[in-house]
Amino acid sequence: MRSFKAHSLKQSTALFSQKKITIAATGVQWGKTILGVVWLKMLMHQFNDPEDAFIVTSPTYKILSQSTLPPFLRMNEDIGKYHGQESSFQIRGGGKVWFRTNHDPDSVVGITNVRGILCDEAGKYSRYFWDNIQARSSICKAPVMIVTSPYSLNWLYKDFIKKWMAGDEHVHQIANIVMARSDENPYFPKEEYEERKLTMDPRRHNMIYGGKFEKAEGLVYSHFDEKIHVVEPFSLPHGTRYFAGVDWGYTDPFVIKVRAITPDGTHYSIAEFYKTQLRSGKMVEAAARFASMWPIETFFCDPSRPDYISEFCAHGLTAVGATNAIQMGIDRHHELIISDRYYVFAGTCRYTLDEYEMYHYPEEKELNPNQDGKDELPVDQANHCMDCERYVTYGTWDVVKRRKRDIITGIKTNDAFFPAAPDDRKLLKEKKYWEKDGYFE
Ligand SMILES: Nc1ncnc2c1ncn2[C@@H]1O[C@H](COP(=O)(O)OP(=O)(O)O)[C@@H](O)[C@H]1O
Ligand SMILES: [Mg+2]
């Protein structure tokens, strides 16, 4: 398909958008990917120096190879060659197009002279991948074209769609957004649209064909509601205890989350650290920094890396392998949420909030024929902060009870396990802390 003519005003608006960011968020088969590919091709004509680079991103290799790459290659087969090994397309006499996926979210970092970035199905990207793409675009002053179906109320919705719809001045200044239904593509079979409307759950139909943003289906923590569970940070009371959850990763992110539990048993997520490609020394550094800010009693760690756990301990951090009973951990965390005993401090945990909107049980199409969705564990994605949440919730489940019991039976306790809020440290040393703490009747 060499010649291309936009099929609608919306498609041409997106195609000729001069804004820093253009978003086409539409129903499936509207013509998003083709639009993105044509947009990029125009830039490839405009910037034809061998130093010029372009980036095409996709959520996974599978989506890249099945739906992003084929239209790109069809459109560009006459002007260059694709090199599978380094996932790049060499433009004859010109620059290179780099293909990257959310599987390695740091892989866009370091690509220089970027002239344009096409993000296919970006609604499935982690916030972290998007942060990296956006940073690349700012550094190189390259425009970004996001083409996607709506999937959830994640960063794409919160940072752009929602603000755009609310008339946010900044978003209107930097972005052009078009939204459309599948059947606004004249090449899309109308009968299919109508037929599916009759047979599908309306919410699902609205999202897949209607291009409407809705809370994702099958969310593990579907009761988590930012309007209720995100609160403005406040000064935590005396007797608050601090814990952390740790999820190891290299290509996947390494994550630490800090949890404060106030004397009345309410849990607050108060900090997070989220980064890929860190060596263990840097991980220890990040944990030590948190430990210097709050008296973290225990780091509940993903048990799969005892070597890292030992290294934390060797550096004076109290780290233990967490219980990795996934469903049980999820049940307990769910219970904290629905009983209004779990909150997140606003402005402190952006990756966590994104994962709450993304962490989901498999849809039918993600299952093998012999699997039953009801018995399945969540999809192994967007689960890094979520695993930390589970480790801490599980690890501290009976912490209040245990603390009471230990006090009552007079078990000798060590300071590391019963610290106080930072300004209580001196008191704690003087061993007067427990008498002063009115919490234990
Ligand atoms: N302007 C257009 N002219 C011709 N065909 C188009 C146009 N826009 C979309 N199509 C066709 O519609 C179909 C869906 O397009 P695609 O980009 O794969 O959709 P999406 O990415 O939105 O699912 C493809 O066969 C594509 O070639
Ligand atoms: Mg597509």
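Two strands pair if DSSP finds at least two bridges between them, and helices (H or I, at least four residues) and strands (E, at least two) are themselves DSSP runs, numbered from the N terminus. With that in hand, look at Lys81, which stands opposite Gln90 in β4. Strand β3 (residues 80–83) and strand β4 (residues 88–91) run antiparallel and are joined by 4 bridges. Their hairpin has 4 residues between the strands, and Ser87 there takes a positive phi near 45°.

A word on what you are looking at. This is a predicted model, in which local features need pLDDT of at least 70 and side-chain atom pairs count only at pLDDT 80 or more, while totals for chains, interfaces and linings use all residues. Residues are numbered from 1 along each chain as its sequence is written, and chains are lettered from A and ligands numbered from 1 in the order in which they are written.

Now step back to the whole protein chain. It holds 17 helices and 15 strands. Of its 441 residues, 41% count as buried; a residue is buried if 20 or more other C-beta atoms lie within 10 Å of its own, exposed if 12 or fewer, and partly exposed in between, with C-beta atoms placed from the backbone. Two residues are in contact if their C-beta atoms, placed from the backbone, lie within 7 Å. Among contacts with a separation of 6 or more, 72% are between residues 24 or more positions apart.

Next, find ligand 1. A residue is near a molecule if its C-beta atom, placed from the backbone, lies within 6 Å of it. There are 14 residues around ligand 1, and His7, Gly31, Lys32, Thr33 and Ile34 come nearest. Which helix gives the most to this shell? Helix α2 (residues 32–46) does, with 3 residues. By class, the shell has 6 nonpolar, 6 polar and 2 charged residues. Here Ala, Val, Leu, Ile, Met, Phe, Trp, Tyr, Cys and Pro count as nonpolar, Asp, Glu, Lys and Arg as charged, and the others, Gly among them, as polar.

Helix α2 is also the place of His45. Is His45 buried or exposed? His45 counts as exposed, because it has 11 C-beta neighbours inside 10 Å. Gly94 is 49 residues away along the chain, and the C-alpha atoms of His45 and Gly94 are separated by 9.1 Å.

Let us move on to a sheet. Strands of a sheet pair through backbone hydrogen bonds, either parallel or antiparallel. In this open sheet, 7 strands follow the order β9-β15-β12-β11-β10-β13-β14, with mixed pairing. At the edges stand β9 (230–231) and β14 (319–321), each with a single partner strand, so one side of each is left without a neighbour in the sheet. Strand β13 (residues 296–301) runs parallel to β14, and 3 bridges join them.

Ala244 is buried, because 28 other C-beta atoms lie within 10 Å. Not counting residues up to four places away in sequence, Ala244 touches several others, including Ile256, Val258, Phe290 and Val392.

Helix α11 (residues 306–314) lies across β13 and β14, running at about 160° to β14. Helix α13 (residues 350–358) packs on the sheet, touching β11 (254–261), β12 (267–275) and β15 (342–345), and its direction makes about 100° with that of β12. Axes are lines fitted to C-alpha atoms, for helices over the stretch in contact, and angles run from 0 to 180 degrees between N-to-C directions.

Helix α13 packs against α14 as well, at an angle of about 95° and with the axes 8 Å apart. These helices are therefore roughly perpendicular to each other, a label for angles of 65 to 115 degrees, whereas under 35 counts as roughly parallel, over 145 as roughly antiparallel and the rest as oblique. Tyr351, Thr352 and Glu355 of α13 make the contact with His384, Cys385 and Met386 of α14.

Finally, visit two loops. Glu121, between β6 (114–120) and α4 (127–140), has a positive phi of about 50° although it is not a glycine. Lys141, between α4 and β7 (144–148), has a positive phi near 50°. Glu121 counts as buried, because it has 22 C-beta neighbours inside 10 Å, whereas Lys141 is exposed, with 9 other C-beta atoms within 10 Å.
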